Amino acid sequence: MATGIAYVHPDKPLSLFINEVGVSPRYQRQGIARRLTDRLLDHAKALGCKEAWVATEESNRAARALYAATGGVEDEDRAVVYLYPLR
Ligand SMILES: CC(C)(COP(=O)(O)OP(=O)(O)OC[C@H]1O[C@@H](n2cnc3c(N)ncnc32)[C@H](O)[C@@H]1OP(=O)(O)O)[C@@H](O)C(=O)NCCC(=O)NCCS
């Protein structure tokens, strides 16, 4: 699976947030995630997005290799994630 959300922001160019890319373990390393990511990027271009972005854990070697292999460039600013536990 892969999901992406095109963000309309009033004072920024249209961008695609890639929210999730996941391949069942038994089907990994067959190029499926690469094809899914490329498809999302092509769709983003067709929508007129100027940028796409995705985040993953520093320790997620497979995801980092995937995103680098599909043309992603690591952001120099290190983002920090905050979770809000809600009851
Ligand atoms: C990350 C994930 C989506 C990759 O899926 P995949 O279908 O196996 O990836 P692909 O076969 O398309 O691989 C494309 C490229 O990514 C890199 N890559 C993928 N898995 C890798 C691994 N385990 N180790 C090193 N590089 C890897 C390689 O460069 C690969 O190209 P190559 O096979 O020509 O060397 C998969 O490992 C997964 O579902 N992981 C668990 C969920 C997850 O963490 N998703 C990311 C959330 S941000």
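In this predicted model, a backbone N or O atom of arginine 34 lies 2.8 Å from an oxygen atom of the ligand. Glycine 31 likewise places a backbone N or O atom 2.8 Å from a ligand oxygen, and a polar backbone atom of valine 23 is 2.8 Å from an oxygen atom of the ligand. The protein buries 71% of the 910 Å² that the ligand exposes when taken alone.

The shell around the ligand holds 19 residues, of which Val21, Val23, Arg29, Arg34 and Asn60 come nearest. By class, 11 of the shell residues are nonpolar, six are polar and two are charged. Helix H1 (32–47) and helix H2 (61–69) are the elements that give two or more residues to this shell. H2 provides the largest share, six residues.

The ligand takes up the space of the second largest pocket. That pocket has a volume of about 780 Å³. Its lining counts 28 residues, with Val21, Ala33, Ala62, Ala63 and Leu66 closest to the centre. Strand E2 (15–21), H1 and H2 each supply at least two lining residues, and the largest share, seven residues, comes from H2. The lining divides into 16 nonpolar, seven polar and five charged residues.

The largest pocket has a volume of about 1,100 Å³. Val54, Ala55, Val73, Glu74 and Asp75 are the closest to its centre among the 28 residues that line it. H1, strand E3 (51–53) and H2 are the elements that give two or more residues to this lining; H1 gives the largest share, four residues. By class, the lining of the largest pocket has 13 nonpolar, five polar and 10 charged residues.

Key:
Residues numbered from 1 in each chain as written. Predicted model: local features only at pLDDT ≥ 70, side-chain atom pairs only at ≥ 80, totals over all residues. Heavy atoms only, no water. Near = heavy atom within 4 Å. Polar contact = N/O pair within 3.5 Å; in protein donor to acceptor, adjacent residues only side chain to side chain. Areas by Shrake-Rupley, 256 points an atom, 1.4 Å probe, with all protein chains shown as cover. 1 Å grid on protein atoms, 1.4 Å probe; cavity = no way out; pocket = protein on both sides within 12 Å on 5 of 7 lines; lining within 4 Å. Sits in = over half its atoms within 2 Å of the grid points. Nonpolar A, V, L, I, M, F, W, Y, C, P; charged D, E, K, R; others polar. Points joined across faces, edges and corners; volume = space filled by probe spheres on them.
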